[in-house]
Amino acid sequence: MKRMKKILAMVMAMAMVLGLSLTTFATGATLTVTNAEKATFKKLQVIVADPTTATGWAFTSETAAAAYVSAFSSEVEVGEMPVAMSDQEAIAMLIKAGKADAKLNSELADVEPATAAQIGKALSNVWALLSAEFKDMENGEEVTSAGIYVIKGEEEGYTYNNMAIYVGFGPVDGGNYPTLTSEPIAAKKSPNTITKENVGDAEDNAVAIGDVVEFKVTSNFPFIDPNAEEAFYVISDTLTGATFNMATVKVTIGGVDRTSDVQMLMTPNFTDSETLEINFNGLIDVANSLASQEVVVTYSATVTEVSVNNTVSHTGTGIEGSVPGETNIYTGSITMTKYAEDGTTTLEGAEFVVARPAVGRVDDDIDNIQVNDGYEYATFDSDNKLTGWVNDIDNATPVKTGVDGKVTVNGLDENNYAFIEVKAPEGYSINEEPSVAKLEVKEADGVATDIFTADTSMVDTTLNSLPSTGGIGTTIFTIGGVAIMVVAAGLFFATRKKASK
């Protein structure tokens, strides 16, 4: 009998050990992260099954418990002593947040569920406090212990939100040990990239000084560590060769207009450029509610120089190694060369007015241009950069050839242009036939990669000699007439003198 009691006691002890060790024998589950084909992962189990607790779960360490408790505790004041929750209360909040079916004792029944912001902060705490204990993880790795696994993902060019995968128990079938189950989790990641593009009429990168062009900046709102000491996100856009039209700046996040929710500051630089800073700090929250959403900034600018450079970058918590976005747009230039009749000798001092077909003109026959008849005339500054267009040739700005017989005008868009001579060099006549130049982008794809150019020329003829009036015969007759008058005067005075005697 005593022997039988010993055997029964051993069986009961084994049963108890097996009951408490149920998770050890359960069939494994896999930890799978989707939307992260090129990422690397690290994992740390922070909660394990524990049938001796009120919730059936327990933290793996005091540090793991502190990471959650500090994120979940509301720090309710009782007198002067803050009351923090217990480990089991923190787990109860997780259970309610996950809507898991669990029987909680009366002590935990009224615990509030955790919020997304609190869970995000707890996961950040785990990484901050226990990063040295994380182990490398293969995506799709099998585990044999139920509980919560915190996953840290990393991928060049992206920021990742901290993740947690729950491994639970499946139903017990036929007295077999339960199967562990887990659902794949989709990684929440945000690209670190930022891009800039010319839109509208500037898509071919060819414009004129004075044109209003449109730009588009695209990025993604980053995931920002809820416990970061300095949480910030800023886009900086530097424009050289053009000026921002601030009234046109528009900011959308996830397709929703958030222009009024950001702070904007435009700063002139010492390098003839301007920088627009857009500060998103007021939209950052611990729940990362905007993370990974597309950020689009659009605006227009007025071209002021022969080429425009636009460089945009973004900085923020967790953003590292991001490559700036950059675009360039260009204007065109035409060089006129003035020749003498020999076609080789260049002429200084010829003056020209530059014309183009007026906007909306159907007839583009600029070879037979008629003054003030459906054409526009250019005005230039002292460097021969375009400043505008007028309808009357008398209000245009003439440009003059230099000692090399050349003059170059800058800041023009693709078009046909005529050089009308309005003053010839000294000793030459005005050529009444305009010289025509076609300014176009010569790249095969039609997109300018530098200032695009064209050349034209004109020949002047020397002034014809005028016929002389009079000749040597006239001179002789004049001299002879004067001599006769002198002789006559002498005879007159001599006769009077004789008569007086």
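Predicted model: local features only at pLDDT ≥ 70, side-chain atom pairs only at ≥ 80, totals over all residues.
Figure 1. The buried residues of helix 4 pack against strand 3, strand 4, helix 3 and helix 5. Helix 4 covers residues 87-97. Its buried residues are Gln-88, Ala-90, Ile-91, Ala-92, Met-93, Leu-94 and Ile-95. Following helix 4 is Lys-99, which has a positive phi near 55°.

Figure 2. Residues up to four places away in sequence aside, Met-93 touches Phe-72, Met-85, Val-111, Glu-112, Pro-113, Ala-114 and Gln-118. One of these, Pro-113, lies 20 residues from Met-93 along the chain, and the C-alpha atoms of the two are separated by 4.3 Å.

**Figure 3. Helix 5, residues 116-130.** Helix 5 has 15 residues, and the distance from its first C-alpha to its last is 21 Å. This is close to the 21 Å expected at 1.5 Å a residue. Buried in helix 5 are Ala-117, Gly-120, Ala-122, Leu-123, Ser-124, Asn-125, Val-126 and Leu-130. An α-helix has 3.6 residues a turn, so residues three or four places apart point the same way. The buried residues of helix 5 pack against strand 3 (40-49), helix 3 (62-72), strand 9 and strand 11 (163-169).

**Figure 4. The largest nonpolar core, with 46 residues.** The members that touch the most other members are Val-33, Val-46, Tyr-68, Phe-72, Val-126 and Ile-151. At least two residues of this core come from each of strand 1 (29-31), strand 3, strand 4 (57-59), helix 3, helix 4, helix 5, strand 9 and strand 11. Helix 3 gives the most to the core, with 7 residues. Another core lies apart from this one and has 31 residues, among them Val-262, Val-297, Ala-301 and Ile-329.

**Figure 5. Contacts of Val-46.** With neighbours within four places in sequence left aside, Val-46 is in contact with Ala-58, Phe-59, Thr-60, Ala-64, Tyr-68, Val-126, Ile-148 and Val-150. Two of these contacts, Tyr-68 and Val-126, are listed with Val-46 among the residues that touch the most other members of the largest nonpolar core. Val-126 is also one of the buried residues of helix 5.

**Figure 6. The second largest pocket, with a volume of about 450 Å³.** Its lining has 20 residues, of which Lys-152, Gly-153, Thr-159, Tyr-160 and Gly-318 are the closest to the centre of the pocket. Strand 9 (147-154) and strand 10 (158-160) each supply at least two lining residues. By type, the lining of this pocket divides into 6 nonpolar, 8 polar and 6 charged residues.

**Figure 7. The largest cavity, with a volume of about 40 Å³.** Rolling a probe the size of a water molecule over the atoms shows where empty space is left. The model has 1 cavity of 30 Å³ or more. The lining of the largest cavity consists of Phe-221, Pro-222, Leu-283, Ile-284, Asp-285, Asn-288, Ser-289 and Leu-290. These lining residues divide into 5 nonpolar, 2 polar and 1 charged.

**Figure 8. Asn-384 and Lys-385 in the loop between strand 27 and strand 28.** Strand 27 covers residues 375-380 and strand 28 covers residues 386-390. Asn-384 is a residue other than glycine with a positive phi, near 65°. Most residues other than glycine have a negative phi. Asn-384 counts as buried because its relative accessibility is 19%, and the cut-off is under 20%. Lys-385, at 18% relative accessibility, also counts as buried. Its neighbours within four places in sequence left aside, Lys-385 is in contact with Ile-209, Glu-305, Val-306, Thr-379, Phe-380 and Asn-410.

**Figure 9. Asn-205 in the loop between strand 15 and strand 16.** Strand 15 covers residues 195-199, and strand 16 covers residues 212-220. Asn-205 is not a glycine, yet its phi is positive, at about 65°. With a relative accessible area of 15%, Asn-205 is buried.

How values were computed: Residues numbered from 1 in each chain as written. Heavy atoms only, no water. 1 Å grid on protein atoms, 1.4 Å probe; cavity = no way out; pocket = protein on both sides within 12 Å on 5 of 7 lines; lining within 4 Å. Points joined across faces, edges and corners; volume = space filled by probe spheres on them. Helix = DSSP H or I, 4+ residues; strand = E, 2+ residues; numbered from the N terminus. Nonpolar A, V, L, I, M, F, W, Y, C, P; charged D, E, K, R; others polar. Expected span 1.5 Å × (residues − 1). Buried < 20%, exposed > 50% of the residue type's maximum accessible area, 1.4 Å probe, protein only. Contact = heavy atoms within 4.5 Å. Core = buried A, V, L, I, M, F, W, Y, C linked by side-chain atoms within 4.5 Å.
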